Amino acid sequence: MLYRPLGRTGLSVSEIGFGAASWWGKRQFNEIRAARLVDAAIAGGVTFFDTGSSYSGGNAEPRLGRVLKGRDASGLVVATKAGTFAEGRAIRRDFSPAAVIASAKRSLRNLGLEVLPLLQLHGPAMGELTDELLGALQGLKAKGLVRALGVTSFDPAIIDRVIDLPDFDVVMVDYNVLRPEREPLIVRAAAAGKGVLAGMPLAMGHTGLQVARIRAPRDLWYAARGLMRHRPEVAEGARFAFLHRLGAMTGSQAALAYVLANPHVACAVVGTTRMAHLTEDLAASGMSLPDELMARIRAT
Ligand SMILES: NC(=O)c1ccc[n+]([C@@H]2O[C@H](COP(=O)([O-])OP(=O)(O)OC[C@H]3O[C@@H](n4cnc5c(N)ncnc54)[C@H](OP(=O)(O)O)[C@@H]3O)[C@@H](O)[C@H]2O)c1
């Protein structure tokens, strides 16, 4: 596993990170299997873990805390998010300073940490990035409860705004083979000293026709997520079937190698519930793509 600096935070992270989210965090997914994946990720050199207060119906963050309990987490960068929370099956938003502070304190308890290495605002709207909220976030930093601050958003306008806000150290963007247009934004973020995280680096599996590979209940959930909320990605992903016929590497490895070919990306945060997939994804660290393939991906 190779490691990269996370902007100017002083933190170094594995270039492949583990997303403690989605099906991994759901109660329906056996916690022993979820823990085995985290163990294997750590054994494979992963030091970056990403979760969120609202992920997986609110179960992902406390699950990650339980899984890490008793382990030495001092070398890990555990990132979480605030501003959204789970209420039953719904995800609610509250970016008020009081709610974000309460969320950060809950995350510390859930994760069993004394300091959150990275607290990210989870998809704030422009109007939610208030001076009061920025002040509250700095307060968390000043109290030593949070080490670095970030924003995750798949809205380029929000990332563009955050790049100009010195309060934030890190941005997470949706960067994958379907989104080469994020590159100018990533260059600008890195030039401003922000650490850049790539969320959804495998385009949610849609280059591999995820929606058509139903082997277990989780695949039905993945398919429903794709067809209900990410139809454009499902359609665009189908054009990348050639990635899965390379021979020298798998389609997922090629997709990760594309993301990590960008020197400004610190970490590609992968979501998986299958050990074979995790092994394959971790092996993508250090892989590179021939120029013609890079050009084909950009042109597709
Ligand atoms: N707004 C936000 O803050 C936000 C939003 C989205 C994502 N994220 C972050 O990004 C992380 C990743 O996002 P994501 O899980 O949505 O997307 P992703 O990592 O792009 O794709 C995950 C999908 O790819 C499949 N997969 C993984 N490895 C594979 C392999 N080697 N071969 C075939 N399929 C493979 C997984 O299925 P299996 O379970 O079968 O492996 C899953 O369906 C999240 O966990 C989260 O940390 C953040």
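Modeller: A polar contact here is a pair of N or O atoms within 3.5 Å. By that cut-off Ala203 qualifies, with a backbone N or O atom 3.2 Å from an oxygen atom of the ligand. Bear in mind that this is a predicted model.

Colleague: OK. How far is the backbone N or O atom of Met204 from a ligand oxygen?

Modeller: For Met204 the distance is 2.9 Å, again from a backbone N or O atom to an oxygen atom of the ligand.

Colleague: And which atoms are involved at Tyr222, side chain or backbone?

Modeller: Side chain: an N or O atom there sits 2.6 Å from an oxygen atom of the ligand.

Colleague: How much of the ligand does the protein bury?

Modeller: The protein buries 93% of the 900 Å² that the ligand exposes when taken alone.

Colleague: Switching topic: at what angle do α3 and α4 pack?

Modeller: About 35°, with the axes 7 Å apart; α3 covers residues 60–68 and α4 covers 97–111. On the α3 side you have Glu61, Pro62, Leu64 and Gly65, which meet Arg106, Ser107, Asn110 and Leu111 of α4. That contact has three nonpolar, three polar and two charged residues.

Colleague: Now the whole chain. How many helices and strands?

Modeller: Twelve helices and twelve strands.

Colleague: Why call the chain as compact as a globular protein of that length?

Modeller: Because its radius of gyration is 18 Å, close to the 19 Å that the globule rule gives for 300 residues. The C-alpha trace spans about 50 × 40 × 35 Å along its principal axes.

Conventions:
Residues numbered from 1 in each chain as written. Predicted model: local features only at pLDDT ≥ 70, side-chain atom pairs only at ≥ 80, totals over all residues. Heavy atoms only, no water. Polar contact = N/O pair within 3.5 Å; in protein donor to acceptor, adjacent residues only side chain to side chain. Areas by Shrake-Rupley, 256 points an atom, 1.4 Å probe, with all protein chains shown as cover. Axes fitted to C-alpha atoms, helices over the stretch in contact; angles between N-to-C directions. Helix = DSSP H or I, 4+ residues; strand = E, 2+ residues; numbered from the N terminus. Contact = heavy atoms within 4.5 Å. Nonpolar A, V, L, I, M, F, W, Y, C, P; charged D, E, K, R; others polar. Rg over C-alpha atoms; globule rule 2.2 N^0.38 Å.
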